[in-house]
Amino acid sequence: MKKLILCASVASLAGAAFAADITWQAPTFISGPTDVSTTGTFFGSWAPFNGDASSGLTVNGVTFQAFPDLSGATDNFDNGGNNGTFATPTTSDNNYNLLLNAGAFGNSSGSYTVSWNGMTPGNTYEVQLWVNDGRNSTVNARTETLSGGTDTSPSLAYGSDDTGSGQDIIGTFVADGTGAETLTLTPGATIPSAQFNLLQVRDLTPTPEPSTVALLTIGAGALFAGARRKFRAS
């Protein structure tokens, strides 16, 4: 029995290590399509419960999918609202508005998680998450924090004023050896219910130019040829 408990504890600690520490920026209120980050290279997206995004909706050149194209994406949310559940923010981009009026939410006051994998260990990634519920001043009072590893974000507001838009937040991290990441969403004390409407992940690690790759290949070949000649001479 002691061995089983010890093994379970070790497994639990190992699982906790799978979430790399995320450095969070300050959240910003949803305002328009340029909110959507285009830095680095697109890795994957998720617009949960969004029927309008079943074939993808593009905002600022980024296409978001209702059925995630984010590798290994999973969550433990126990509820969600289809299009029209949450108030549509009045931005200039109809696709953006449609993406933000559906999402996943929790039935309990506890924390919920969103996970994905398939990242390259050692590469730097950016995660961007949106929360929006501007139906009225009551639900506008909701907030939540995000954590990845040991770092926790500032609180995100679900809305502003009576029908105001919610917020998005960006965090950066270096993928650990598992190539996986887990976000924990913890609701604030007022009408607690964790939620996310939209998520994207981007790879910020520069890709070498083809000419650079060619030079490295030539250099490696020359070194190998030199080593072979030296070996034969000896």
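1. Strand E8 (residues 103-105) and strand E16 pair in the antiparallel sense over two bridges. Two strands count as paired if DSSP finds at least two bridges between them. Within this pairing, Ala104 stands opposite Phe196 in E16. Helices (H or I, at least four residues) and strands (E, at least two) are DSSP runs, numbered from the N terminus.

2. E8 and E16 belong to an open sheet of three strands, in the order E7-E8-E16, with antiparallel pairing. Strand E7 (79-81) and strand E16 (195-196) stand at the edges with a single partner strand each, so one side of each has no neighbour in the sheet. As background, strands of a sheet pair through backbone hydrogen bonds, either parallel or antiparallel.

3. The model is predicted: local features need pLDDT of at least 70, side-chain atom pairs count only at pLDDT 80 or more, and totals for chains, interfaces and linings use all residues. Residues are numbered from 1 along each chain as its sequence is written, and side-chain values use heavy atoms, with hydrogens and water left out.

4. How confident is the predictor in the chain? The mean pLDDT is 87, and 80% of the residues reach 70 or more; pLDDT is the predictor's confidence in each residue, from 0 to 100. Over residues 1-17 the pLDDT is below 50, and beyond near neighbours in sequence this stretch has one contact in the model. Contact means heavy atoms within 4.5 Å. Where pLDDT is low, the predicted coordinates should not be read in detail.

5. Some totals for the chain follow. The secondary structure comes to four helices and 17 strands. Of the 234 residues, 42% are buried, where buried means under 20% relative accessible area, exposed over 50%, and partly exposed in between (1.4 Å probe, protein chains only). Among contacts with a separation of 6 or more, 79% are between residues 24 or more positions apart.

6. Strand E11 (residues 143-148) is mostly covered, with five of its six residues buried. Which strands does E11 pair with? One partner is strand E15 (residues 181-187), in the antiparallel sense over four bridges. Another is strand E13 (residues 156-157), also antiparallel, over two bridges. Glu144 stands opposite Pro187 in E15 and opposite Leu156 in E13.

7. E11 also pairs with strand E12 (residues 151-152) in the antiparallel sense over two bridges, and Gly148 stands opposite Asp151 in E12. E11 and E12 form a hairpin with two residues between them. Gly149, in the turn, has a positive phi of about 65°.

8. Arg142 lies in the loop between helix H3 (137-140) and E11. Is Arg142 buried or exposed? At 15% relative accessibility, Arg142 counts as buried. Leaving out residues up to four places away in sequence, Arg142 touches Asp133, Arg135, Leu156, Ala157, Tyr158, Thr190, Ile191 and Ser193. One of these, Leu156, is the residue opposite Glu144 in E13.

9. How many salt bridges are there? The count comes to two, a salt bridge being a side-chain nitrogen of Lys or Arg within 4 Å of a carboxyl oxygen of Asp or Glu. Asp133 forms a salt bridge with Arg135, with the closest N and O atoms 2.7 Å apart. Asp133 is buried, at a relative accessible area of 0%, whereas Arg135 is partly exposed, at 39%. The side chains of Arg142 and Asp133 meet in a salt bridge as well (3.8 Å, N to O). Salt bridges that share partners join Asp133, Arg135 and Arg142 into one network. In general, side chains of opposite charge can pair when their charged atoms come close.

10. Arg202, in strand E17 (residues 198-203), is buried yet has no salt bridge. The nearest side chain of opposite charge, Glu126, is 4.9 Å away. For charge, Lys and Arg count as positive and Asp and Glu as negative, while His and the chain ends are not counted.

11. What does the side chain of Arg202 make a polar contact with? The partner is the side chain of Gln200, at 3.2 Å. A polar contact is a pair of N or O atoms within 3.5 Å; within protein, one must be able to donate a hydrogen and the other to accept it, and residues adjacent in sequence count only if both atoms are side-chain atoms. Leaving aside neighbours within four places in sequence, Arg202 is in contact with residues including Ser37, Thr41, Phe42, Phe43, Val62, Tyr125 and Glu126.
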